[in-house]
Amino acid sequence: MMGDMELILTITDGDGKPIEGATVDVSADHTDMTGMGMSGLATEQGEGRYSINANFSMSGNWKITVYVRKDGLDYKEDIEFKVQ
Ligand SMILES: [Cu+2]
């Protein structure tokens, strides 16, 4: 849905255990256009959940990139979705 949204990310390791105490950066891009990027640091909620508020001001295709860093861990994942 378009507009302000709270994204909640659940971050687990390969065994499905929550990863706590990580630095989680999220960037979002409206892939249909240039110059509509935004980014920020997610807030830890406990039990591997991290939340961040974002404003998806336009419908269309968006991609968020999640960066998870903790000690030796440096992981990145792209998530693509459509905003209506
Ligand atoms: Cu746009």
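Two strands count as paired if DSSP finds at least two bridges between them. Strands here are DSSP runs of E with at least two residues, and helices are runs of H or I with at least four, each numbered from the N terminus. With that in hand, welcome to a predicted model, in which local features need pLDDT of at least 70, side-chain atom pairs count only at pLDDT 80 or more, and totals for chains, interfaces and linings use all residues. Residues are numbered from 1 along each chain as its sequence is written.

**Overall build**
- Along the principal axes, the C-alpha trace spans about 35 × 20 × 20 Å.
- Take contacts as pairs whose C-beta atoms, placed from the backbone, lie within 7 Å: among those between residues at least 6 apart in sequence, 57% join residues at least 24 apart.

- Three strands make up an open, antiparallel sheet in the order 1-5-4.
- Strand 1 (3-10) and strand 4 (43-46) are the edges; each has a single partner strand, so one side of each is left without a neighbour in the sheet.
- From one strand to the next the twist averages 35°, with axes fitted to C-alpha atoms and angles running from 0 to 180 degrees between N-to-C directions.
- Strand 1 and strand 5 (residues 49-56) run antiparallel and are joined by eight bridges.
- Across that pairing, Leu7 stands opposite Ile52, while Ile8 has Ser51 as its bridge partner.

**Burial**
- A residue is buried if 20 or more other C-beta atoms, placed from the backbone, lie within 10 Å of its own, exposed if 12 or fewer, and partly exposed in between.
- By that count, buried residues make up 12% of the 84 in the chain.
- Strand 1 lies largely in the open, because zero of its eight residues are buried.

**Confidence**
- The mean pLDDT (the predictor's confidence in each residue, from 0 to 100) is 95 for the chain, and 100% of the residues reach 70 or more.
- Among the elements, strand 4 has the highest mean pLDDT (98) and strand 1 the lowest (94).

Technical notes:
Contact = placed C-beta atoms within 7 Å.
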